[in-house]
Amino acid sequence: MADTVRSQRPLCVISGGTSGIGLATGKMLLARGYDLVLIGHSAARGRAALQELQTGDGDVQWLQADLASQSSVRELAGELAARCDRINVLVNCAGVVEPELRRSPEGVERSWAINHLAPFMLTNLLVPQLRRGKPARVVVVSSQVHAERLNVSDLDGGEPYFGLETYRGTKLANILFTRALAGKLDKREVSVNCLHPGVVATSLLSSYTRAQQLEAEAIANGSFPVPQASRGLLGRLLRRVRGRRPAFDTSMSTVLEAAERLVFLVISDEVSDVSGQYFAQNQIVTPAPIALDEGLAQELWQASEARTGVQFAL
């Protein structure tokens, strides 16, 4: 594995790039002339991804990092800065659903640590490399199930723990972060967009289903009260089961279809001057009204700075 990236090919860094949608995205971009740096936690998956992708002309590297750990994210950003004089694309694809409460080494609820604070830190720390790769693009993977409310002071989890509501909050945070960062960057240098990639049968969906089961069991047993947002989510689930029209697009997408939507935001000329937007099916769509709250976006930004010690690079 090369120590530095010196190719003239555009360079894309993908978190969660050693499996699922991230790996498929990398494979497509490699075929389109990109060099890759894949970020993943599992050594076995990292080696397998390298073996699968190191078959063409492009350079493929893998960096191991625990995105739940802020110290690991800092080390990762430092290594990327040392290896890459410029970055043309950063795809924040890594994400988890935690059915039960788990915490990061810093005590942050693990979904918040990986889904929001890690991309917040990594992207901000790599702004200098992205600016040197201009016109550069940042893509953040969100979800259509993003929450309709958010308490930015509640990133530690608690009792009772609602795994689904926590995940949905992190996906709302992805949109708020995208919009806030886009407002700080000149889109001619670095554009930032996010997307719902589709409902895909990955390990994340399995965890999501498990979280649904645990929450439904606890509600049925009276173990904890149902939050207002969960009532709406449970109602949508019940309507789905009863055969009524669902509130969300529940059609399944393949991993390749989801990856194609990420690649669209990376390479399409249609979005070359677009920044701060939320996409689904390669179209700009309107997220929940709370995702457009500029005051909340700034509040979340300040809370994220306080939690990580990372600030925007002017």
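I began with H116 and listed its contacts beyond four places in sequence: S111, A173, N174, F177, L300 and S304. The model is a predicted one. I placed H116 in helix 4. Is H116 buried or exposed? I found it buried, with a relative accessible area of 1%.

**Helix 4 and helix 10**

I looked up the axes of helix 4 (residues 110-125) and helix 10 (residues 294-308), which come within 10 Å and cross at roughly 85 degrees. I therefore noted helix 4 as roughly perpendicular to helix 10, because angles of 65 to 115 degrees count as such. On the helix 4 side the contact is made by H116, L117, F120, M121 and N124. On the helix 10 side I listed L300, W301, S304, E305, R307 and T308. I sorted the residues of this contact into five nonpolar, four polar and two charged.

**Nonpolar cores**

Next I asked which residues have the most contacts inside the largest nonpolar core. They are I39, L67, L76, L80 and L122, in a core of 58 residues. I also recorded a second, separate core of 33 residues, which includes L38, V141, V263 and V271. I then went back to L122 and left aside its neighbours within four places in sequence. What remains in contact with L122 is I39, V73, L76, A77, L80, L90 and N92.

L90 came up again when I checked L11. The C-alpha atoms of L11 and L90 are separated by 8.7 Å, and the two residues are 79 apart along the chain. I assigned L11 to strand 1. L11 counts as buried, because its relative accessibility is 0% and the cut-off is under 20%.

**Helix 1**

Strand 1 (11-15) also took me to helix 1, whose buried residues pack against it. Helix 1 covers residues 20-31, which makes 12 residues. I took its reach from first C-alpha to last as 17 Å, close to the 16 Å expected at 1.5 Å a residue. How many of the 12 residues are buried? I counted nine, and noted the helix as mostly covered. The buried ones are I21, G22, L23, A24, T25, G26, M28, L29 and L30. Besides strand 1, these residues pack against strand 2 (35-40), helix 2 (43-53), strand 3 (60-64), strand 7 (199-200) and helix 9 (255-267). After helix 1 comes G33, where I read a positive phi near 100 degrees.

Where does the chain have a cis peptide bond from K134? I found it at the step to P135, with omega near -5 degrees. P135 sits in the loop between helix 5 (127-132) and strand 5 (136-141).

Q281 has a phi near 55 degrees, and N282 has a phi of about 65 degrees. I placed Q281 in the loop between strand 9 (278-280) and strand 10 (283-284). N282 is likewise found in the loop between strand 9 and strand 10. Q281 counts as partly exposed, because its relative accessibility is 46%.

Key
Residues numbered from 1 in each chain as written. Predicted model: local features only at pLDDT ≥ 70, side-chain atom pairs only at ≥ 80, totals over all residues. Heavy atoms only, no water. Helix = DSSP H or I, 4+ residues; strand = E, 2+ residues; numbered from the N terminus. Expected span 1.5 Å × (residues − 1). Buried < 20%, exposed > 50% of the residue type's maximum accessible area, 1.4 Å probe, protein only. Contact = heavy atoms within 4.5 Å. Core = buried A, V, L, I, M, F, W, Y, C linked by side-chain atoms within 4.5 Å. Axes fitted to C-alpha atoms, helices over the stretch in contact; angles between N-to-C directions. Parallel < 35°, antiparallel > 145°, perpendicular 65-115°, else oblique. Nonpolar A, V, L, I, M, F, W, Y, C, P; charged D, E, K, R; others polar.
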